[in-house]
Amino acid sequence: MGGKTLLSFIMLIAIFINPTAAAKEYQTVGQDVHNNFRSDHEVPPLELNEKLNEVAEKCADYYANERGEIDYSCPHKTVEMGENLYSVHGRSDSDEEIAKLAVETWYEELKEYSFSHPKNSDFNKTRRFTQLMWKGSKEMGFGVAFRNERIEYIVAVALYTPPGNIQDEHDWHAYKQNVVKPFLNTYGAGLVKEESGASRVGQGTLLTLSVAVVGTLFF
């Protein structure tokens with residue numbers, strides 16, 4: 001077996017063993033930003049899925065060059081996929097910069113979300129944040145596309161499996177289980193709505209302090 005043939009064979013084996021080996025740089029950036037935010041909420045990281053990457057790219061191209069808007073109508077995705085969308089005009093950022101900006105924009109919706117009463121949140125203003133954070137989602141894909149000149153119109157798409165934002169009839173119990181508050185001293189902790197209270201760690205800290213004070217009074 002020649003040197004080039006052997007090298008090609010090794011690369012194919014590597015991709016087979018690790019499907020994300022063929023991921024583009026911006027897709028890895030999108031994954032990293034997702035998982036950095038998820039770690040602040042003690043939510044397991046998302047794995048890149050090659051098939052989801054392919055579909056996400058097709059969807060991004062569909063919205064940018066066929067549909068001309070982002071309206072969750074991509075014909076390439078299935079009901080088994082959750083979807084987050086982002087679009088922007090008048091920017092010439094790289095695909096990596098767009099991936100980072102898209103995820104950061106979705107995360108900013110945290111400030112509109114009620115962790116204690118999810119059903120009181122405006123779904124249209126928080127759906128991207130809740131999907132990004134959904135604990136039950138395990139894999140993701142990312143796509144970026146633009147129309148004509150990049151500065152004209154850029155679209156970013158993230159797809160997830162299993163999908164998030166599952167509503168039920170039990171006071172949105174699924175949201176309470178899958179979308180949890182950020183830790184204290186994280187960026188997200190400063191965005192939590194006041195009515196939602198402090199972060200999970202913050203609540204525990206306050207409880208510990210209360211017990212300590214009571215102990216001091218009695219002993």
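E83 counts as buried because its relative accessibility is 10%. Buried means under 20% relative accessible area, exposed over 50%, and partly exposed in between, with a 1.4 Å probe and protein chains only. This is a predicted model: local features need pLDDT of at least 70, side-chain atom pairs count only at pLDDT 80 or more, and totals for chains, interfaces and linings use all residues. Residues are numbered from 1 along each chain as its sequence is written, and side-chain values use heavy atoms, leaving out hydrogens and water.

**Around E83**
- E83 sits in strand β2, residues 82-88. Strands (E, at least two residues) and helices (H or I, at least four) are DSSP runs, numbered from the N terminus.
- The side chains of E83 and K77 share one of 3.5 Å.
- A polar contact is a pair of N or O atoms within 3.5 Å; within protein, one must be able to donate a hydrogen and the other to accept it, and residues adjacent in sequence count only if both atoms are side-chain atoms.
- Beyond neighbours within four places in sequence, E83 is in contact (heavy atoms within 4.5 Å) with residues including Y72, C74, Q131 and V157.

**Helix α3**
- The buried residues of α3 include L52, V55, C59 and Y63.
- Among the elements covering the buried residues of α3 are α2 (25-39), β2 and β4 (154-161).
- At the start of α3, a side-chain oxygen of N49 comes within 2.9 Å of the backbone nitrogen of K51.
- After α3 comes G68, with a positive phi near 80°.
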